[in-house]
Amino acid sequence: MTARTRSRTGAPRPATVTEAFRAATQVADAVLFEGYVLYPYRASARKNQLRWQFGVLMPPGYGAGTGEHSASRTECLLDPRDGATVHVRVRFLQAQRRDVEARDAVGFQPVPVLSLSDREVVAWDEGVVHEEEVDVDLARVLAHGSEHVLTVPAGRDTEDVLDDGDVVGRLVRRREELRARLSLSAERLEGPYGVVRLRLDLANLTAYRPSRGSDVDRADALRHALVAAHLLVGLGDAAFLSLLEPPEWARPAVEGCVNEHTWPVLVGAGDRHDVVLSS
(Lines give C-alpha, C1' and ligand atoms only; values in the text may rest on other atoms or scores of the structure.)
Protein backbone atom coordinates (compact mmCIF):
# COMPACT_ATOMS: atom_id res chain seq x y z
CA MET A 1 0.00 0.00 0.00
CA THR A 2 1.52 3.26 -1.16
CA ALA A 3 0.73 6.45 0.72
CA ARG A 4 1.35 9.95 -0.55
CA THR A 5 0.68 12.68 1.96
CA ARG A 6 0.78 16.44 1.55
CA SER A 7 0.29 18.93 4.36
CA ARG A 8 -1.18 22.41 4.28
CA THR A 9 0.22 24.27 7.25
CA GLY A 10 -2.05 26.33 9.45
CA ALA A 11 -3.42 25.87 12.93
CA PRO A 12 -1.27 23.53 15.07
CA ARG A 13 -2.67 20.02 15.22
CA PRO A 14 -3.21 18.74 18.79
CA ALA A 15 -1.40 15.52 19.65
CA THR A 16 -4.69 13.97 20.76
CA VAL A 17 -6.17 14.54 17.29
CA THR A 18 -3.11 13.04 15.62
CA GLU A 19 -3.43 9.96 17.83
CA ALA A 20 -7.15 9.61 17.11
CA PHE A 21 -6.54 10.01 13.37
CA ARG A 22 -4.04 7.16 13.52
CA ALA A 23 -6.58 4.82 15.12
CA ALA A 24 -9.41 5.90 12.79
CA THR A 25 -7.17 5.36 9.76
CA GLN A 26 -6.73 1.71 10.70
CA VAL A 27 -10.51 1.27 10.82
CA ALA A 28 -10.98 3.05 7.50
CA ASP A 29 -8.29 0.96 5.83
CA ALA A 30 -9.90 -2.28 6.94
CA VAL A 31 -13.45 -1.31 5.98
CA LEU A 32 -13.18 1.13 3.07
CA PHE A 33 -10.02 0.05 1.25
CA GLU A 34 -10.70 -3.70 1.27
CA GLY A 35 -10.90 -4.95 -2.30
CA TYR A 36 -8.22 -2.61 -3.67
CA VAL A 37 -5.40 -2.20 -1.17
CA LEU A 38 -6.03 -5.03 1.28
CA TYR A 39 -6.35 -7.46 -1.60
CA PRO A 40 -6.01 -11.00 -0.19
CA TYR A 41 -7.66 -12.92 -3.02
CA ARG A 42 -6.77 -14.36 -6.40
CA ALA A 43 -7.46 -11.95 -9.24
CA SER A 44 -8.69 -14.87 -11.33
CA ALA A 45 -11.40 -15.84 -8.82
CA ARG A 46 -14.91 -15.23 -10.15
CA LYS A 47 -16.02 -13.30 -7.07
CA ASN A 48 -13.21 -10.79 -7.63
CA GLN A 49 -14.03 -9.95 -11.24
CA LEU A 50 -16.59 -7.27 -10.29
CA ARG A 51 -14.92 -4.56 -8.21
CA TRP A 52 -17.22 -2.78 -5.75
CA GLN A 53 -16.35 0.04 -3.40
CA PHE A 54 -17.86 2.43 -0.88
CA GLY A 55 -17.51 6.17 -1.31
CA VAL A 56 -16.77 6.47 -5.04
CA LEU A 57 -16.85 10.07 -6.32
CA MET A 58 -16.98 9.80 -10.10
CA PRO A 59 -15.69 12.51 -12.46
CA PRO A 60 -18.49 15.00 -13.27
CA GLY A 61 -18.30 14.10 -16.98
CA TYR A 62 -19.10 10.44 -16.35
CA GLY A 63 -22.65 10.93 -17.57
CA ALA A 64 -26.11 11.82 -16.37
CA GLY A 65 -28.50 9.10 -15.40
CA THR A 66 -25.85 6.73 -14.10
CA GLY A 67 -27.05 7.02 -10.51
CA GLU A 68 -23.55 7.89 -9.29
CA HIS A 69 -22.36 11.19 -7.88
CA SER A 70 -19.23 13.33 -8.07
CA ALA A 71 -19.49 15.19 -4.75
CA SER A 72 -20.33 14.60 -1.09
CA ARG A 73 -21.35 16.87 1.76
CA THR A 74 -20.72 16.47 5.47
CA GLU A 75 -22.42 18.64 8.08
CA CYS A 76 -21.81 18.33 11.80
CA LEU A 77 -22.32 20.36 14.94
CA LEU A 78 -19.66 21.51 17.33
CA ASP A 79 -19.41 23.39 20.61
CA PRO A 80 -16.36 25.67 20.24
CA ARG A 81 -14.25 27.74 22.59
CA ASP A 82 -12.05 30.73 21.75
CA GLY A 83 -9.18 29.73 19.50
CA ALA A 84 -10.88 26.58 18.19
CA THR A 85 -9.24 24.85 15.23
CA VAL A 86 -10.40 22.41 12.56
CA HIS A 87 -8.17 19.62 11.24
CA VAL A 88 -9.11 17.55 8.20
CA ARG A 89 -7.52 14.54 6.56
CA VAL A 90 -8.93 13.77 3.11
CA ARG A 91 -8.30 10.16 2.08
CA PHE A 92 -9.08 8.30 -1.13
CA LEU A 93 -7.69 5.79 -3.58
CA GLN A 94 -6.40 6.55 -7.05
CA ALA A 95 -7.18 3.57 -9.27
CA GLN A 96 -4.09 2.15 -10.92
CA ARG A 97 -4.14 -0.22 -13.89
CA ARG A 98 -1.53 -2.98 -13.73
CA ASP A 99 -0.84 -4.54 -17.13
CA VAL A 100 1.40 -7.52 -17.79
CA GLU A 101 4.03 -7.76 -20.53
CA ALA A 102 6.15 -10.76 -21.52
CA ARG A 103 9.74 -10.41 -22.68
CA ASP A 104 10.68 -11.71 -26.14
CA ALA A 105 13.52 -11.24 -28.62
CA VAL A 106 12.20 -7.81 -29.63
CA GLY A 107 11.31 -6.38 -26.24
CA PHE A 108 8.16 -6.53 -24.12
CA GLN A 109 4.71 -7.45 -25.46
CA PRO A 110 1.32 -7.22 -23.67
CA VAL A 111 -0.11 -10.59 -22.59
CA PRO A 112 -3.24 -11.53 -20.59
CA VAL A 113 -1.32 -13.98 -18.39
CA LEU A 114 2.36 -14.42 -17.61
CA SER A 115 3.03 -17.98 -16.41
CA LEU A 116 5.95 -18.41 -14.01
CA SER A 117 7.37 -21.54 -12.44
CA ASP A 118 5.45 -20.97 -9.19
CA ARG A 119 2.50 -18.71 -10.10
CA GLU A 120 0.60 -16.80 -12.76
CA VAL A 121 0.68 -13.02 -13.06
CA VAL A 122 -2.39 -11.31 -14.54
CA ALA A 123 -3.54 -7.76 -15.22
CA TRP A 124 -5.35 -6.14 -12.30
CA ASP A 125 -6.67 -2.85 -10.95
CA GLU A 126 -4.88 -1.65 -7.84
CA GLY A 127 -5.30 1.37 -5.58
CA VAL A 128 -2.83 4.06 -4.50
CA VAL A 129 -3.64 5.79 -1.21
CA HIS A 130 -3.65 9.57 -1.20
CA GLU A 131 -4.02 11.83 1.82
CA GLU A 132 -4.34 15.59 2.09
CA GLU A 133 -3.98 17.42 5.41
CA VAL A 134 -5.80 20.69 6.07
CA ASP A 135 -5.46 22.65 9.34
CA VAL A 136 -7.33 25.93 9.76
CA ASP A 137 -8.64 28.25 12.49
CA LEU A 138 -12.39 27.97 13.00
CA ALA A 139 -12.65 31.77 13.11
CA ARG A 140 -11.36 31.89 9.53
CA VAL A 141 -13.87 29.29 8.39
CA LEU A 142 -16.71 31.21 10.06
CA ALA A 143 -15.66 34.49 8.48
CA HIS A 144 -14.57 33.53 4.98
CA GLY A 145 -14.71 29.78 4.50
CA SER A 146 -11.69 27.81 3.36
CA GLU A 147 -11.12 26.16 -0.02
CA HIS A 148 -8.39 23.70 -1.00
CA VAL A 149 -7.70 22.21 -4.42
CA LEU A 150 -6.12 18.74 -4.51
CA THR A 151 -4.15 17.65 -7.56
CA VAL A 152 -2.80 14.12 -7.99
CA PRO A 153 -0.57 13.71 -11.06
CA ALA A 154 -0.80 10.96 -13.64
CA GLY A 155 1.97 8.38 -13.60
CA ARG A 156 3.50 5.34 -15.23
CA ASP A 157 5.85 2.87 -13.49
CA THR A 158 7.41 -0.41 -14.55
CA GLU A 159 8.56 -3.38 -12.45
CA ASP A 160 10.55 -6.32 -13.74
CA VAL A 161 9.10 -9.80 -13.24
CA LEU A 162 11.75 -12.44 -12.43
CA ASP A 163 11.57 -16.20 -12.80
CA ASP A 164 14.56 -18.20 -11.52
CA GLY A 165 16.58 -14.99 -11.55
CA ASP A 166 15.81 -14.11 -15.18
CA VAL A 167 13.72 -11.15 -16.35
CA VAL A 168 10.80 -12.80 -18.16
CA GLY A 169 8.42 -9.85 -18.22
CA ARG A 170 7.35 -6.71 -16.50
CA LEU A 171 4.41 -5.02 -14.82
CA VAL A 172 3.32 -1.66 -16.20
CA ARG A 173 1.27 0.51 -13.83
CA ARG A 174 -0.65 3.52 -15.16
CA ARG A 175 -2.56 6.22 -13.28
CA GLU A 176 -4.68 9.12 -14.50
CA GLU A 177 -4.52 12.65 -13.10
CA LEU A 178 -7.11 13.53 -10.45
CA ARG A 179 -8.35 16.95 -9.34
CA ALA A 180 -10.62 17.58 -6.38
CA ARG A 181 -11.75 20.42 -4.14
CA LEU A 182 -12.40 20.48 -0.40
CA SER A 183 -14.51 23.43 0.76
CA LEU A 184 -15.12 24.29 4.41
CA SER A 185 -17.76 26.69 5.68
CA ALA A 186 -19.42 27.27 9.04
CA GLU A 187 -22.20 29.24 10.67
CA ARG A 188 -23.07 29.99 14.25
CA LEU A 189 -26.63 28.91 15.00
CA GLU A 190 -29.15 31.04 16.83
CA GLY A 191 -29.73 30.13 20.47
CA PRO A 192 -28.09 30.32 23.87
CA TYR A 193 -25.53 27.55 23.38
CA GLY A 194 -23.24 29.02 20.71
CA VAL A 195 -23.36 25.88 18.56
CA VAL A 196 -21.63 25.99 15.17
CA ARG A 197 -22.63 23.99 12.10
CA LEU A 198 -19.56 22.94 10.11
CA ARG A 199 -19.92 21.98 6.45
CA LEU A 200 -17.35 20.12 4.38
CA ASP A 201 -17.90 19.64 0.63
CA LEU A 202 -15.64 17.27 -1.29
CA ALA A 203 -15.98 17.36 -5.09
CA ASN A 204 -14.24 15.50 -7.90
CA LEU A 205 -13.21 18.08 -10.52
CA THR A 206 -11.35 15.69 -12.83
CA ALA A 207 -11.91 16.29 -16.53
CA TYR A 208 -13.09 13.08 -18.16
CA ARG A 209 -13.97 11.86 -21.62
CA PRO A 210 -14.66 8.20 -22.34
CA SER A 211 -11.63 6.55 -23.92
CA ARG A 212 -13.81 4.32 -26.07
CA GLY A 213 -15.41 6.88 -28.32
CA SER A 214 -18.84 7.96 -27.10
CA ASP A 215 -19.49 4.88 -24.96
CA VAL A 216 -19.62 5.44 -21.20
CA ASP A 217 -17.60 2.73 -19.50
CA ARG A 218 -17.60 2.56 -15.68
CA ALA A 219 -14.27 0.70 -15.45
CA ASP A 220 -12.68 3.45 -17.53
CA ALA A 221 -14.35 6.21 -15.49
CA LEU A 222 -13.13 4.65 -12.22
CA ARG A 223 -9.58 5.55 -13.23
CA HIS A 224 -10.65 9.19 -12.94
CA ALA A 225 -12.59 8.74 -9.69
CA LEU A 226 -11.86 9.31 -6.01
CA VAL A 227 -12.36 5.75 -4.78
CA ALA A 228 -13.36 5.08 -1.14
CA ALA A 229 -13.26 8.81 -0.41
CA HIS A 230 -13.71 9.75 3.24
CA LEU A 231 -12.82 12.48 5.72
CA LEU A 232 -11.31 12.49 9.18
CA VAL A 233 -12.24 15.71 10.97
CA GLY A 234 -10.66 16.71 14.27
CA LEU A 235 -11.09 19.68 16.59
CA GLY A 236 -8.84 21.65 18.87
CA ASP A 237 -10.52 23.55 21.72
CA ALA A 238 -13.95 22.34 20.63
CA ALA A 239 -16.16 19.26 20.81
CA PHE A 240 -18.54 17.61 18.36
CA LEU A 241 -22.15 16.93 19.24
CA SER A 242 -23.24 13.42 18.33
CA LEU A 243 -25.72 13.37 15.45
CA LEU A 244 -26.91 9.92 16.53
CA GLU A 245 -27.39 10.65 20.24
CA PRO A 246 -27.55 14.43 20.64
CA PRO A 247 -28.64 16.22 23.80
CA GLU A 248 -32.36 17.05 23.71
CA TRP A 249 -31.78 20.77 23.24
CA ALA A 250 -29.66 20.10 20.12
CA ARG A 251 -32.16 17.89 18.27
CA PRO A 252 -33.63 20.71 16.13
CA ALA A 253 -30.10 21.68 15.04
CA VAL A 254 -29.27 18.06 14.24
CA GLU A 255 -32.39 17.76 12.11
CA GLY A 256 -31.17 20.78 10.14
CA CYS A 257 -27.90 19.10 9.18
CA VAL A 258 -27.66 17.89 5.58
CA ASN A 259 -25.34 14.98 4.84
CA GLU A 260 -25.18 13.84 1.22
CA HIS A 261 -23.61 10.50 0.27
CA THR A 262 -21.76 10.34 3.58
CA TRP A 263 -22.36 10.36 7.36
CA PRO A 264 -20.12 11.58 10.21
CA VAL A 265 -19.72 9.43 13.33
CA LEU A 266 -17.65 9.99 16.44
CA VAL A 267 -14.55 7.81 16.72
CA GLY A 268 -12.42 6.93 19.73
CA ALA A 269 -13.23 6.14 23.34
CA GLY A 270 -16.67 6.91 24.72
CA ASP A 271 -15.56 10.13 26.37
CA ARG A 272 -13.94 11.52 23.22
CA HIS A 273 -15.81 14.09 21.13
CA ASP A 274 -13.03 15.72 19.11
CA VAL A 275 -12.80 13.45 16.00
CA VAL A 276 -15.35 12.16 13.50
CA LEU A 277 -15.02 9.82 10.54
CA SER A 278 -17.25 10.82 7.65
CA SER A 279 -17.67 8.07 5.07
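## Terms and model

Buried means under 20% relative accessible area, exposed means over 50%, and partly exposed lies in between (1.4 Å probe, protein chains only). This is a predicted model: local features need pLDDT of at least 70, side-chain atom pairs count only at pLDDT 80 or more, and totals for chains, interfaces and linings use all residues. Residues are numbered from 1 along each chain as its sequence is written, and side-chain values use heavy atoms, with hydrogens and water left out.

## Overall fold

The chain holds four helices and 14 strands. These are DSSP runs numbered from the N terminus: H or I with at least four residues for helices, E with at least two for strands. Of the 279 residues, 48% count as buried.

Contact means heavy atoms within 4.5 Å. Among contacts between residues at least 6 apart in sequence, 73% join residues at least 24 apart.

## Strand 7

Strand 7 covers residues 146-152, and its side chains alternate. S146, H148, L150 and V152 point to one face and are buried.

Strands pair if DSSP finds at least two bridges between them. Strand 7 and strand 10 run antiparallel and are joined by seven bridges.

## Helix 1

Helix 1 has 18 residues, 15-32. The expected span of a helix is 1.5 Å times one less than its number of residues. Helix 1 should therefore span 26 Å, and its end C-alpha atoms are 25 Å apart, which agrees.

Its buried residues are V17, A20, F21, A24, T25, A28, D29 and L32. Their cover includes strand 2 (71-103), strand 6 (124-137), strand 12 and strand 14 (275-278).

## Aromatic pair

Rings of Phe, Tyr and Trp (its six-membered ring) pair if their centres lie within 6.5 Å; planes under 30 degrees apart count as stacked, over 60 as edge-to-face and the rest as tilted. The count is one aromatic pair. Y193 and W249 are stacked, at 3.9 Å centre to centre and 20° between the planes.

Y193 lies in the loop between strand 10 (178-188) and strand 11 (196-204), and W249 in the loop between strand 12 (227-241) and helix 4 (251-255), so the pair ties together parts that are 56 residues apart in sequence. Y193 is partly exposed at 47% relative accessible area. W249 is partly exposed at 38%.

## Cysteines

A disulfide is a pair of cysteine sulfur atoms within 2.5 Å. The structure holds zero disulfides. For C76, the nearest cysteine sulfur is that of C257, 7.3 Å away. C76 is buried at 3% relative accessible area, and C257 counts as buried at 13%.
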